[in-house]
Structures are given as structure tokens and as C-alpha cells.
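Have a look around, then read on.

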Amino acid sequence: TSHTYDHTLFELECYAPLVKPGGVVLLHDTQVMNDICDVKRALDEYTTERGLTWTEDTRCFGLGTLRIPA
């Protein structure tokens with residue numbers, strides 16, 4: 001992945017629906033925000049639009065966990 005906002009959002013839209021209910025989507029670098037990397041914003045938008053939530057481990061540049069509802 002490129003970690004850009006647009007590319008990360010595109011990947012979420014393509015691949016998160018393929019995860020089985022009860023599965024998990026993990027995204028790294030949620031704490032890195034600059035002109036190139038904006039994973040957190042893409043994850044925020046993706047989940048908000050779908051009524052989902054995600055959690056974040058802020059250690060080591062951030063790890064976002066999106067649990068697909070069972």
C-alpha cells in the first residue's frame with residue numbers, strides 16, 4: 001500500500017467487504033500523518049460512512065483494528 005488517503009480508502013472499499021463476519025482488518029501507521037501518509041483519516045471515513053468503529057494501538061506508529069461485525 002502507498003499509505004495515501006485515497007489509496008488506503010480504495011483498499012478498504014475493495015478488501016474489507018471480503019473479510020468474513022467476525023474477522024479483523026489491520027492497518028499500520030495510523031499515527032503517521034503528513035502530506036503522503038493519512039491512513040487514519042481513510043479509516044475514519046470508511047467506518048463512519050458504514051456505522052462501524054475501529055480501535056487504535058498508538059504504539060509503534062499506530063495500528064488500527066477494524067473488527068467486522070459477526
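## Where helix H1 packs

What do the buried residues of H1 pack against? They pack against S1 and H2. Keep in mind that you're looking at a predicted model.

The buried residues of H1 include Leu9 and Leu12, and Tyr5 and Thr8 are buried in this helix too. These residues span an arc of only 100 degrees around the axis, so they end up on the same side of H1. There's a simple rule behind that kind of pattern: an α-helix has 3.6 residues a turn, so residues three or four places apart point the same way.

## The nonpolar core

Now for the inside. The largest nonpolar core is made of 14 residues. Among those with the most contacts inside this core are Leu9 and Leu12, along with Val25, Leu27, Leu43, Tyr46 and Leu66. Helix H1 (5–15), strand S1 (24–28) and helix H2 (39–50) each put in at least two residues. H2 gives the largest share, with four residues.

Leaving aside residues up to four places away in sequence, Leu12 touches Pro17, Val25, Leu27, Ala42, Leu43 and Tyr46.

Glu45 sits in helix H2. Is this residue buried, partly exposed or exposed? Glu45 counts as partly exposed because its relative accessible area is 27%, which falls between the 20% and 50% cut-offs.

Not counting residues up to four places away in sequence, Glu45 touches Tyr5 and Leu9. Glu45 and Leu9 are 36 residues apart along the chain, and their C-alpha atoms are separated by 8.0 Å.

## Thr65 in strand S3

Over in strand S3 you'll find Thr65. With a relative accessible area of 13%, Thr65 is buried, because buried means under 20%. Which residues does Thr65 touch, not counting those up to four places away in sequence? The list is Val24, Val25, Leu26, Trp54 and Thr55.

## Out on the surface

Nonpolar residues turn up on the outside as well. Val24, Leu26 and Leu63 form a nonpolar patch on the surface, and together they have about 230 Å² of accessible area. Leu26 belongs to strand S1. This leucine is exposed because its relative accessible area is 54%, and the cut-off for exposed is over 50%.

Finally, check the loop between strand S2 (55–57) and strand S3 (63–67), where Cys60 lies. Phe61 lies in the loop between S2 and S3 as well. What is phi near in Cys60? Phi of Cys60 is near 50 degrees, a positive value in a residue other than glycine. Phe61 also has a positive phi, near 75 degrees, and is likewise not a glycine. For background, most residues other than glycine have a negative phi.

Both residues pass the over 50% cut-off for exposed: Cys60 is exposed with a relative accessible area of 58%, and Phe61 is exposed with a relative accessible area of 53%.

Note on methods: Residues are numbered from 1 along each chain as its sequence is written. This is a predicted model: local features need pLDDT of at least 70, side-chain atom pairs count only at pLDDT 80 or more; totals for chains, interfaces and linings use all residues. Side-chain values use heavy atoms; hydrogens and water are left out. A nonpolar core is a set of buried Ala, Val, Leu, Ile, Met, Phe, Trp, Tyr and Cys residues joined through side-chain atoms within 4.5 Å. Buried means under 20% relative accessible area, exposed over 50%, partly exposed in between (1.4 Å probe, protein chains only). Contact means heavy atoms within 4.5 Å. Patches are made of residues with over 30% relative accessible area and no salt bridge: like charges are joined within 9 Å, nonpolar side chains (Val, Leu, Ile, Met, Phe, Trp, Tyr) within 5 Å. Accessible areas come from the Shrake-Rupley method with a 1.4 Å probe; for residues, only the protein chains shown count as cover. A salt bridge is a side-chain nitrogen of Lys or Arg within 4 Å of a carboxyl oxygen of Asp or Glu. The arc is that of the directions from the helix axis to the C-beta atoms.
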